Amino acid sequence: MATEEISLTQGLNPSQQSSSLPDYPQMILEAIEALNEKEGSSMSSIAKHIDSTHSDLPASHSTLLSHHLNQMKQMGQIVMLNNNYSKPDPNAPPKRGRGRPPKPKVPLPPGVVVPPPRPRGRPRKPKDLLAPPKSKSVSTGRPRGRPPKKAKTGAATAPPPPPGVKRGRGRPPKVLPSMGFQ
């Protein structure tokens, strides 16, 4: 893995390097200058130009080309607009990063000592030396929080059915109160 990354950054494997083949960034810049397209040169046109000018390219030419194009784009050596690569305009302002730019720092006059930065967070309250010390626990006679539930007594629940009778499935039928009709 490490040897692949090294070979990608150098352009060619050490066994395939030859003195006649320049490195990829140089070939890419030469191709962009030679093509001299107004809107910039596409990756395929750059690849075709390099292929026509240099005959002894490695088998991984397309991978190396895309890697070096991306690397040069991130470093600012070339600019990509509408999938076309071109040289950056020297009169264009430098590309700004994301977010708000930092405030300009005013240089301090010589001999001024810079105080250490303030610690983060809310500052601590100053201790009042004249105040009486607080007692840690103020007891009211009962513990804090919600009281525990009381255990239920057996009188409130219905007695279990006799052991010989099985209950049927579902809700039991409603028991009608016996009326004295005769």
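Predicted model: local features only at pLDDT ≥ 70, side-chain atom pairs only at ≥ 80, totals over all residues.
# Reading helices, contacts and buried residues

User: How many helices and strands does the protein have?

Analyst: Helices (H or I, at least four residues) and strands (E, at least two) are DSSP runs, numbered from the N terminus. Here there are four helices and two strands, and along the sequence they follow the pattern α-α-α-α-β-β.

User: Which residues of α2 are buried?

Analyst: A residue is buried under 20% relative accessible area, exposed over 50% and partly exposed in between (1.4 Å probe, protein chains only). In α2 the buried residues are Tyr24, Met27, Ile28, Ala31 and Ile32. They cover an arc of only 135° around the axis, which puts them on the same side of α2; the arc is that of the directions from the helix axis to the C-beta atoms. What covers the buried residues of α2 includes α3, α4 and β2. Just after α2, asparagine 36 takes a positive phi of about 50°.

User: How do the axes of α2 and α3 cross?

Analyst: Two packed helices are described by the angle between their axes and the distance between the axes. Axes are lines fitted to C-alpha atoms, for helices over the stretch in contact, and angles run from 0 to 180 degrees between N-to-C directions. The axes of α2 (residues 24–35) and α3 (residues 43–53) come within 9 Å and cross at roughly 105°. Under 35 degrees counts as roughly parallel, over 145 as roughly antiparallel, 65 to 115 as roughly perpendicular and the rest as oblique. α2 and α3 are therefore roughly perpendicular to each other.

User: Which residues make the contact between α2 and α3?

Analyst: Contact means heavy atoms within 4.5 Å. From α2 come Met27, Ile28, Glu30, Ala31, Ile32, Ala34 and Leu35, and from α3 come Ser45, Ile46, His49 and Ile50. By class, this contact has eight nonpolar, two polar and one charged residues. Ala, Val, Leu, Ile, Met, Phe, Trp, Tyr, Cys and Pro count as nonpolar, Asp, Glu, Lys and Arg as charged, and the others, Gly among them, as polar. In α3, Ser45, Ile46, Ala47 and Ile50 are buried, and the buried residues of α3 pack against α2, α4 and β2.

User: How do the axes of α2 and α4 cross?

Analyst: The axes of α2 and α4 come within 10 Å and cross at roughly 80°. That makes α2 roughly perpendicular to α4. Tyr24, Pro25, Ile28 and Leu29 in α2 meet His61, Leu64, Leu65, His68, Leu69 and Met72 in α4. By class, this contact has eight nonpolar, two polar and no charged residues.

User: Where do the buried residues of α4 fall, seen down its axis?

Analyst: The buried residues of α4 are His61, Leu64, Leu65, His68, Leu69 and Met72. They fall within an arc of 130°, so they line one face of the helix. The 15 residues of α4 (residues 61–75) should span 21 Å, and the end C-alpha atoms are 21 Å apart, which agrees. Just after α4, glycine 76 takes a positive phi of about 90°.

User: Is leucine 69 buried or exposed?

Analyst: Leucine 69 is buried, with a relative accessible area of 0%. Leaving aside neighbours within four places in sequence, leucine 69 is in contact with Ile28, Met43, Ile46, Ile78 and Tyr85. Histidine 61, also in α4, counts as buried at 12% relative accessibility.

User: Where does asparagine 82 lie?

Analyst: Asparagine 82 is in the loop between β1 (79–81) and β2 (84–86). Its phi is near 55°, a positive value in a residue other than glycine. Asparagine 82 is exposed, with a relative accessible area of 71%. Asparagine 83 lies in the loop between β1 and β2 and has a positive phi of about 60° although it is not a glycine. Asparagine 83 is exposed, at 58%.

Methods:
Residues numbered from 1 in each chain as written. Heavy atoms only, no water. Expected span 1.5 Å × (residues − 1).
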